[in-house]
Amino acid sequence: DLLDDIMKAKKIRISTDLAIPPSGMMDSTMKPTGSDVEVAQMLAKDWGLELEFIQTTGATRIPNVLTGKADIIISTLSVTAERAKVIDFTKRYATLQSDVGCLKSSTVKDWPDLKDKSIGVSRGTTQDTTLSNMKDKDLKIARYDDDATMVTAAVSGQVDCVGSSATIINQIGVKNPSRVFESRIPLATFDLAIGLKKGEQPLMDKLNAWITENVKNGKLNAIYKKFHGVDLPADMRS
Amino acid sequence: MGGHLNINHLMFLGQGALWTIGLSLIALIGGGIVGFVIALARISPLKSVRLASAIYVQLIQGTPLLVILFLGYFGLAAIGLKVSPLVAAGASLTLYVAAYLGEIWRGCIQSVPKPQWEAAEGLALSRTQRMVKVILPQAIRIATPPTVGFMVQIIKNTSLASVVGFVELMRSGQIVNNSLFEPFAIYAIIAVTYFAMCYPLSLFSQRLERRMGRGRSNLAPA
Amino acid sequence: MSLQLDFPAVLERWPSFLAGAVLTLELAFFATVLGALLGTLAAVGRGTHNSLIAGACKVYVETIRNTPLLVQIFLVYFGLASLGLKYSAFTVAVAALTINVGAYTAEIMRAGFEAIPRGQIEAAEGLALSRFQIYWHIILLPAVEKVYPALTSQFVLLMLASSVCSQISAEELTAIANYIQSDTYRAFETYIIVAVLYVILSLVMRAGFWGLGLLLFPRRRRLGTPL
Amino acid sequence: MQQNAPSSEPIVSLHNVQKSFGALRVLDGVSFAVARGEVLALIGRSGSGKSTALRCIDRFEKVDGGQIVVCGHRVDRPDVNLRALRQDVGIVFQSYNLFPHLTIEQNITLAPCAVKGMATSQAKDLARKVLAQVGLDEKLHAYPEQLSGGQQQRAAIARSLAMQPKVMLFDEVTSALDPELTGEVLKVIEQLAADGMTMVMVTHEMGFAKGIADRIVFMHRGKVHETGPASILTSPTTPELTQFVGTGNLKS
Amino acid sequence: MQQNAPSSEPIVSLHNVQKSFGALRVLDGVSFAVARGEVLALIGRSGSGKSTALRCIDRFEKVDGGQIVVCGHRVDRPDVNLRALRQDVGIVFQSYNLFPHLTIEQNITLAPCAVKGMATSQAKDLARKVLAQVGLDEKLHAYPEQLSGGQQQRAAIARSLAMQPKVMLFDEVTSALDPELTGEVLKVIEQLAADGMTMVMVTHEMGFAKGIADRIVFMHRGKVHETGPASILTSPTTPELTQFVGTGNLKS
Ligand SMILES: Nc1ncnc2c1ncn2[C@@H]1O[C@H](COP(=O)(O)OP(=O)(O)OP(=O)(O)O)[C@@H](O)[C@H]1O
Ligand SMILES: Nc1ncnc2c1ncn2[C@@H]1O[C@H](COP(=O)(O)OP(=O)(O)OP(=O)(O)O)[C@@H](O)[C@H]1O
Ligand SMILES: [Mg+2]
Ligand SMILES: [Mg+2]
């Protein structure tokens, strides 16, 4: 099975998108960094394995493990029932708070105020799916291929609001003080989990054990706080 | 995240540019070899060979490169072939380039005037001799400008190899942008870099065309 | 390592695929019409004796042909917005595609113009036709006829290239595919279906151009010479 | 129309015309004049400058020096009114240059409608008339490629005639044709001559030149080497013309 | 070489040859034979099928019916050995078709080396010999585009001669040339005839046909309409030939 293969090879290949800050990105010396990157590094170190990042884009995260090009995915993967039909998820190692963020100067307070506003999202993310399923709310959704493009759209004024993680919403104003965004309407909290091919029970068990341990000892929380500025939710830490 | 454009970013972009060049070379060499076969197949005396190669060309030319790359990379793995990204991207680009170069070259071979074919035939040369000694030397002259012109398109299109994990010029730009959020500066740098790689080739192909005294369009994917 | 393919799970979303295909066709249609106009003007511009106009057209053509479409789209989309001009993604996509395909069309049309035998133009001059009349009556249609296959292919390529418009939130076929595959994680099924749809779209476009050719070139129709 | 005797008033005149292509001096002081109603044949070896001289008359080439007057237009001047000049002059080339995408009728009516602003119906009547003149009335709606070479050449002549020019220029209009088709075209030109049209023609058909031309201009190396009535072809005085007529006779 | 009288043994024979392009019947039962050393001129109006007949002899076109035997090869059969046939037959077209990327010498040595496996040095000697035969020895290392039309045509003839064919076919080899250049080429062909080469030539040059041909075949609408010695051109018996020769004479 896969676990044996990994241990024998002394190497684990992890599929991570390095273009979705602050989970995966490059630091100013162009080395990978971010919360998912550090989680992956910690996992490899704990298991005594060499780590290889399989560079991926949002679209190819899953096919990479399905076709055996990567062993597991650590790449802000939110757990949904639909996706669980295709791959297996471990238990959550973090959560992702999603909000609808708006310009600080805007008057948006609740869903009805969003009428006639355009909301930018990253295509295919759980934020996208959630907003898209709110058919009754009559929302105008503009989907971009990645977070960077979405942020650029928000900065340049192509969209009025964004549906994204709280971290990213706060990030928009850092680069462009004339358009500061803040969270206005909470959208949902998603569980983030490690993804792997179906039917690899031993690997699944070992991953779950590792997550449980590191949630308990606070290491995962430390990483999360370092990059997202907030703690993991209380119900997860207890 | 954040910070300013520094030498590391530029070196990262430079590395991406090198990959772009490398992928282009692979695509051109692989596509050139297969494309030559396609060109010959398209004018084969056997109807079945002509038909098969025509279908191949139609299929490839009717599908975006992005989709071809995706299916090539994961499709090969899905049927049990373990291939590195380099091999997979190389194979996909080869298939893609071959369809276009094959068509360009077929046109060039066929544009050698018919009387030249007949004159060679009248001298009792065999089919291979006719091709090698009479037709191809003339076709190569005609084919050089559009081929050089097409290389420009290959360079630009390798940007799509990012879907299979290649950090070439375009992708490296996106990655840098994601940590800096300075789209204009970065996309401008990318645009200029591509221009610097492509324009000399464009110019060269135009000069060749002019020297041959014919204005051929170098049709190519955007 | 076997991969289970489950097409029905993806195919049940056919209304989305259809909408994406229709939008792709619409993008291609408008960009083709406008790009043909722009490209023809640029080709004429490059041939004029006014070196300012000819130079401007050359810079346009060379800049566009030597940079990737994606960069052009980003610069138009975010550039306009930064200037305070907000247009829909569709409008911007059509504009960027038009600018892009216009440059290629200009080159093809120029080749067509150059392929008109000198004698044709001299004959027209000998009949006292003006420069404009010569372009309109003697050069344009035969030039288009000469390069019609190249134009057809270029516009089909444009349709395929329009897939990058997904980047700026235009919900065309590739955007739909990306959405569906990240929603269902059934990437193979999705991309295979999309590949088939693109092949169909390109055949549809070729058929359309063929029909248009019959209308444009009555002589071909009457004499039965294929294009 | 009745047969006019050539009048003495020149309708085309070249005086000491100079023309070079790069270093190559193609016309080296060419002078001749054509009177109203006259038929002038321009002969000479290949490369002697015949076509160039003809093209200078309709200003397809600018001259380097000398004077050209055609129907009162000073063709050598940079400010000559080109469109007015070309309404007075019709020119027909060896390669017929019909517009391939237009029917014969459209080929003919194009210029009268576009240049003279003639009404379409009137132009169509005119097309019928000039086509009848060249014996092609039934080909009104054919496309050029449906006609034989001789028919195409006659249609090209008809197209020029429709502009009702005062002078017609012909540049080897039969040399792309086989003997039979040549015959057709030459008959049309003979008829035009009989109707009194002023014509300048470059030709290799010595027999035809003899039969129809009022005057022969023999060019040699960019100069007018000999000129005179058709009889100079049978009794040439210079050795060059003798040799030229000699080789020309190989054909018969 | 000495002048051979035509022998009676046919080296080319066509019997009831049929050929259609689509619905158009181009050859409608053509029969004629050419004896060793004979010079046969194929004449007729444009479109009468002369070129097609010639092309059928060297199997550039497959016939629909009838029999063609050339130097013992059954050309009408699908299994004819094409390369052997074409070593026995040399063909020269109106458009000279020299290979533009090769020098004249390379043009000539290509086939002897590639087809007959001749050594390069021997082939070069041969090239010099055949070029001398057509009076072009000094052009050995020139490229085709550096030659005049007449010289190119002579080089094309030399290229065919280098294969030492038993029969030579010429398709209007002079009609792209002006009178002076035509003269050059005709002289070469006359010399070949004098040397006893068997030749079939399509030509529009009636004077030449009269002067050199042993026999004339007049084709009309895909059929052999009249055939006989050169004298039939001066005293034609059918109205069609009379008309054809009549218009042809306009040239002289
Ligand atoms: N546009 C041009 N540029 C350069 N040289 C030219 C040009 N047109 C003609 N010439 C040269 O000028 C000379 C005279 O040409 P011209 O066409 O007037 O001769 P011609 O008497 O009409 O000959 P032909 O009987 O072959 O038509 C030739 O040497 C030709 O090569
Ligand atoms: N490949 C072809 N396909 C269709 N029709 C053809 C083809 N070749 C020749 N023809 C037709 O066959 C007829 C005879 O042609 P052919 O070339 O033999 O005539 P020709 O006597 O040589 O005339 P010319 O003197 O004009 O060369 C013509 O009507 C021609 O249009
Ligand atoms: Mg001339
Ligand atoms: Mg012929």
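This is a predicted model: local features need pLDDT of at least 70, side-chain atom pairs count only at pLDDT 80 or more; totals for chains, interfaces and linings use all residues.
Begin by selecting chains A and C together, where the contact draws 33 residues from chain A and 28 residues from chain C. The area buried between these two chains is about 2,500 Å², and carbon and sulfur atoms give 53% of that area.

Next, look for charged pairs across this interface, where the rule finds 4 salt bridges. To see one of them, select C:Lys86 and A:Asp160, whose closest N and O atoms are 3.4 Å apart. Across the interface of chain C and chain A there are also 10 residue pairs in polar contact, with both residues at pLDDT 80 or more. Now colour α4 (69-82), α8 (173-184) and α9 (187-216) of chain C, each of which supplies at least two residues of the side that touches chain A; the largest share, 7 residues, comes from α8(C). By class, this side of chain C holds 15 nonpolar, 8 polar and 5 charged residues.

Then move to ligand 2 and display the 13 residues around it, of which E:Ser46, E:Gly47, E:Lys50, E:Ser51 and E:Thr52 come nearest. Distances to oxygen atoms of the ligand can be drawn from a polar side-chain atom of E:Thr52, at 2.5 Å, from an N or O atom in the side chain of E:Ser51, at 2.6 Å, and from a backbone N or O atom of E:Ser48, at 3.3 Å. On its own, ligand 2 has 630 Å² of accessible area, of which the protein covers 58%.

Finally, highlight β2 (24-35) and α1 (50-57) of chain E, each supplying at least two residues of the shell around ligand 2, with α1(E) giving the most, 3 residues. Sorted by class, the shell has 7 polar, 3 nonpolar and 3 charged residues.

Key. Residues are numbered from 1 along each chain as its sequence is written. Chains are lettered from A and ligands numbered from 1 in the order in which they are written. Side-chain values use heavy atoms; hydrogens and water are left out. Contact means heavy atoms within 4.5 Å. Buried area is the accessible area (1.4 Å probe) that two parts lose on being put together, summed over both. A salt bridge is a side-chain nitrogen of Lys or Arg within 4 Å of a carboxyl oxygen of Asp or Glu. A polar contact is a pair of N or O atoms within 3.5 Å; within protein, one must be able to donate a hydrogen and the other to accept it, and residues adjacent in sequence count only if both atoms are side-chain atoms. Helices (H or I, at least four residues) and strands (E, at least two) are DSSP runs, numbered from the N terminus. Ala, Val, Leu, Ile, Met, Phe, Trp, Tyr, Cys and Pro count as nonpolar, Asp, Glu, Lys and Arg as charged, and the others, Gly among them, as polar. A residue is near a molecule or strand if one of its heavy atoms lies within 4 Å of it. Accessible areas come from the Shrake-Rupley method with a 1.4 Å probe; for residues, only the protein chains shown count as cover.
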